[in-house]
Amino acid sequence: METVVSGIRPTGQLHLGNYFGAVKNFLRMQKEYNCYFFIADYHSLTTHPTPSDLHSNVRQVLAEYLAAGLDPELATLYVQSDLPEVAELTLLLNMNAYLGELERTTSFKDKARQQPENVNAGLLTYPVLMAADILIHHAAKVPVGKDQEQNLEMTRKFAGRFNRMYNTEYFPIPQPFNYGEQLVKIPGLDGSGKMGKSEGNGLYLADDAKTITKKVMKAVTDAGPTTPNSEMPESVRNLFTLLDVVSTADTVQHFKDKYNTCDIRYGDLKKQLAEDIIAFNAPIRERILDISSNDDYLSKVVKMGKEKAHESAAKTMKEVREILGFRSF
Ligand code: TRP
């Protein structure tokens, strides 16, 4: 079975966009591949979180992914810093990563612009740490969004360079993962663009009913259609896209008809949408609350993941040290 590796940044809560995007793919992959999913807490140190924020973010993200359906019996689910082999592999790969190529990485340039007071070496070598995450398990495939394509390209480059340098085919060159199906892009409620944390337009899986209602009722629309069967503005189309994923086909059709005959009342549409999102979220939200109050369960999951991940990582490091020429006396 092919190995898939993916890192999850411990930044904030899961929203519907994540759920119908990355999470949906994870749930399918865990059944079809040998998956290693980890919370990338080493990576998050590049922005200097406080120790208590770091821990609570890791905990929150872990609880939410478990609640959303990641199964620690199917996938190896671990915390990156529980695998210090990754730090060692990063150090070794750093010797063959060049300043010029690291400085040219888009994500480095972006970050350096965003936090000019903290352009640390960890930001520069972020792609090397990511390569270590991937190569330590000999991944064949890595699911990556647009923003991570270049980082995966760097991993491929580092793996190929290592193989050439030591005249081996030790590291497989990982491919970007693609199910070949378009995922629905979940829009935000602010009229245009997709749902995102930085956009501040997220409907979170952990949101309670009141919060969801408030957010949905404030969604941007227009003045309403005046000619039958007119084209919808983006803001209204977005509400229908959301309705599509959480409501029944009948409900969607009902409001489409109303729109087409110019009888639609956006207030009714929003009320229905809020209700259906609340119903959709309810069981997941309940599991989030359950799991995040269950220390025993969380520590059991983390321990199990750590052991499984360590097995794979320790083997790789033993072989890499051998290839590099480290010998015991
Ligand atoms: N850089 C990824 C992100 O920002 C997270 C990540 C870290 C990752 N290591 C990885 C993703 C390895 C895939 C494989 O989302």
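1. Lys 146 and Glu 149 form a salt bridge in this predicted model. Their closest N and O atoms are 3.3 Å apart. Lys 146 has 70% relative accessibility, so this residue counts as exposed. Glu 149 is partly exposed, at a relative accessible area of 40%.

2. Lys 303 pairs with Glu 307 in another salt bridge. Here the closest N and O atoms lie 3.9 Å apart, and the cut-off is 4 Å. Both residues sit in helix 14, which covers residues 295-324. They are 4 residues apart, about one turn of the helix. Lys 303 is exposed because its relative accessible area, 55%, is over the 50% mark. Glu 307 has a relative accessible area of 47%, so this residue is partly exposed.

3. Some salt bridges share partners. Through them, Glu 101, Lys 157 and Arg 161 are joined into one network.

4. Within that network, look at Glu 101 and Arg 161. These two form a salt bridge, with 2.7 Å between the closest N and O atoms. Glu 101 belongs to helix 5 (residues 99-103) and Arg 161 to helix 9 (residues 149-165), so their contact ties together parts that are 60 residues apart in sequence. Is this pair buried or exposed? Glu 101 is buried, and Arg 161 is buried too.

5. As for the overall count, a search of the whole structure finds 15 salt bridges. Among them are Lys 146 with Glu 149, Lys 303 with Glu 307, and Glu 101 with Arg 161.

How values were computed
Residues are numbered from 1 along each chain as its sequence is written. This is a predicted model: local features need pLDDT of at least 70, side-chain atom pairs count only at pLDDT 80 or more; totals for chains, interfaces and linings use all residues. Side-chain values use heavy atoms; hydrogens and water are left out. A salt bridge is a side-chain nitrogen of Lys or Arg within 4 Å of a carboxyl oxygen of Asp or Glu. Helices (H or I, at least four residues) and strands (E, at least two) are DSSP runs, numbered from the N terminus. Buried means under 20% relative accessible area, exposed over 50%, partly exposed in between (1.4 Å probe, protein chains only).
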